[in-house]
Amino acid sequence: MMKIIARILILVLLPVSLFSQSAMDILKSDLGKNLGICLACNMEVFEKMMTRTEIFMDDTVYHACGLGCAATIMQGKTVKEIKSVDFKTFKLIDAKKAWFVVGSVIIPVRAMLPAFSFSSKDDAENFAKIYGGRLFDYKGMIDFVKKISEERKKRK
């Protein structure tokens with residue numbers, strides 16, 4: 001009797017477990033290639049992250065989960081170039097020429113400070129009209145990040 005029950009369980013549970021794994025694989029988002037670890041927050045950084053930032057310093061490319069962490073990594077260092085992902089095209093753009101939206105209803109899974117970057121002010125404004133958030137240019141965004149960082153230090 002126990003053998004029959006065991007066989008029935010195997011016949012029922014095996015397909016269910018195989019289907020569950022297949023469903024999980026389908027639902028899992030494709031973040032692309034793992035580029036490394038964000039030096040500021042220790043999260044993994046992937047090539048298809050919407051908030052990914054690349055910092056070029058000392059002939060090395062550093063990957064950050066977003067501009068907030070990138071600002072921490074860059075602090076006091078000479079930066080040759082900084083790029084962020086354009087939310088509209090998902091291509092890397094010059095972050096110093098970008099526009100950023102912070103505080104929208106869209107919250108990415110991986111970013112300490114979810115800021116979406118756009119290559120044009122119009123694209124950023126249109127995004128903010130639909131999804132909310134505050135608009136910043138690069139300098140304004142860096143100042144905002146510094147302000148948040150100082151407030152976090154005060155709370156500790």
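1. Two strands count as paired if DSSP finds at least two bridges between them. By that criterion, strand 7 and strand 9 of this predicted model pair in the antiparallel sense, over four bridges. Within this pairing, W99 stands opposite D137 of strand 9.

2. The sheet itself is open and has three strands, ordered 8-7-9, with antiparallel pairing. Strand 8 and strand 9 are the edge strands, and each has a single partner, so one side of each is left without a neighbour in the sheet. From one strand to the next, the twist averages 30 degrees.

3. Helix 3 covers residues 121-131. Helix 3 lies across strand 7, strand 8 and strand 9, and runs at about 15 degrees to strand 7.

4. Helix 4 also packs on the sheet. Helix 4 touches strand 7, strand 8 and strand 9. The direction of helix 4 makes about 110 degrees with that of strand 9.

5. Which residues of helix 4 are buried? They are Y138, G140, M141, I142, F144, V145 and I148. The elements that cover these residues include three strands of the sheet: strand 7 (99-102), strand 8 (115-118) and strand 9 (134-137). Helix 2 (67-74) and strand 5 (81-85) are also among the covering elements.

Conventions: Residues numbered from 1 in each chain as written. Predicted model: local features only at pLDDT ≥ 70, side-chain atom pairs only at ≥ 80, totals over all residues. Heavy atoms only, no water. Buried < 20%, exposed > 50% of the residue type's maximum accessible area, 1.4 Å probe, protein only. Helix = DSSP H or I, 4+ residues; strand = E, 2+ residues; numbered from the N terminus. Contact = heavy atoms within 4.5 Å. Axes fitted to C-alpha atoms, helices over the stretch in contact; angles between N-to-C directions.
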